[in-house]
Amino acid sequence: MTEREYDIAVVGGGPAGLTAALYAGRALKRTLLLEAGLPGGELLNTEAIEDYPGFASITGPELASKMAEHALSFGAELVSARVSSVVPLPDGRQRIEVEEEEPYYAKAVIVTAGGQPRKLEVPGEQEYAGRGVSYCAVCDGAFFRGEHLAVVGGGDAAIEEAAFLTRYASKVTVIHRREEFRAQHLLVERARQNPKIEFLLDSVVEAITGDESRVTSLRLRNVRDGERSELAVGGVFIFVGFIPNTQLVAGHVDHDPQGYYLTDANMRTSIPGIFAAGDVRAQLTRQVTTAVGDGTTAAIAATKYVEEELAQPEMAAVGAG
Ligand code: NAP
């Protein structure tokens, strides 16, 4: 095995990737963990986590650093690089192409690349990005002390982040296009009890407007009666979902209509030797706990693949089917 050849390469260092690296390293496989930024993934954009067993409450960055330290303690090598492509080779190996470096090779790849925040795609969003338009409350909330903020969306992220923003904002208006929420009932009820949060339902943002330096207001439309209104805000935080990073693998990988990879129960994708775990994978929910479970299964399945199936190519060719 050359210096750039590994048994298992893990693409993405969020909770799924860190757990996969931990298990693969602990199984004594030569393991590479590729992450473009700091390890932690979405944990780094999350203030408090209170649904990870064993920790009644822990900050996202703290959990991320504990997970990274733990993963690396079993021998996985962390390389800071942005993966541009994973190319399945005819000999059964995978070539992992990274920006500005020679490629790496692995017998199996576990894709745990997470995703990107979905854009609202309204006028002003791009223009005011970083000047009042944000996709990360933990990163940017503190810049808006004493301001009236808007949060767009009705999922877990929107409701949790609205609550987080109340520590800085004078008021947070949650703008959601329906009356029902996708977010967990408990989170919505808690937000309803928060005196700094108000809800504007059945409403959509038509445009984000501002002066030459920053956002000053939103143009809204009520979807029931079509009535238009203006809301003066100092900033708008957009949490309207997530687009999985599933463009990395060269060639077709079976996916659902939203682009999430379809896997079998062992996290195998439709390409032999490529596994997927965490937020890139189609599943009921996307929690730290499910990412960690996926990462565990993927690493154990990838280890078996490397040790048993690659040695018998006719089995490896079966894949997820
Ligand atoms: P999500 O659950 O997909 O919710 C997206 C929200 O944005 C929905 O309310 C959706 O409205 C709305 N939306 C989508 N496109 C829109 C548009 N163009 N204009 C206006 N509104 C739009 O996304 P998420 O909240 O980012 O969560 C992603 C995943 O991470 C979920 O699986 C979630 O459970 C998980 N997560 C969990 C936690 C936690 O458990 N603590 C925290 C954060 C995220 P509709 O409802 O009308 O479709």
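A disulfide is taken here as a pair of cysteine sulfur atoms within 2.5 Å. By this rule the predicted model contains one disulfide, formed by C136 and C139, whose sulfur atoms lie 2.0 Å apart. The link of C136 and C139 is right-handed, with 75 degrees about the S-S bond. A disulfide is a covalent bond between the sulfur atoms of two cysteines. The two partners fall into separate accessibility classes, where buried means under 20% relative accessible area, exposed over 50%, and partly exposed in between (1.4 Å probe, protein chains only). C136 is buried, with a relative accessible area of 9%, whereas C139 is partly exposed at 41%.

Because the structure is a predicted model, local features need pLDDT of at least 70 and side-chain atom pairs count only at pLDDT 80 or more, while totals for chains, interfaces and linings use all residues. Residues are numbered from 1 along each chain as its sequence is written, and side-chain values use heavy atoms, with hydrogens and water left out.

The interior was examined through its nonpolar cores, each a set of buried Ala, Val, Leu, Ile, Met, Phe, Trp, Tyr and Cys residues joined through side-chain atoms within 4.5 Å. The largest nonpolar core comprises 33 residues, and those with the most contacts inside it are I8, L63, M67, I110, F275 and V288. At least two residues of this core are supplied by each of β1 (5-11), α1 (15-26), α2 (60-73), β8 (104-111) and α6 (288-309); helices (H or I, at least four residues) and strands (E, at least two) are DSSP runs, numbered from the N terminus. Helix α6 provides the largest share of this core, nine residues. Apart from this core lies another, of 23 residues, including A81, I96, L248 and V280.

V306 lies in helix α6 and counts as buried, at 11% relative accessibility. The residues that V306 touches are D7, I8, K29, K107 and A108. The C-alpha atoms of V306 and D264 are separated by 17 Å, the two residues being 42 apart along the chain.

Most residues other than glycine have a negative phi, and most peptide bonds are trans. L28, by contrast, has a positive phi near 65 degrees. This residue is placed in the loop between α1 and β2 (31-35), and L28 counts as exposed at 74% relative accessibility. E100, likewise not a glycine, has a positive phi of about 60 degrees. E100 lies in the loop between β7 (94-98) and β8 and is exposed, at 82% relative accessibility.

Methods: Contact = heavy atoms within 4.5 Å. Lists of a residue's contacts leave out its neighbours within four places in sequence.
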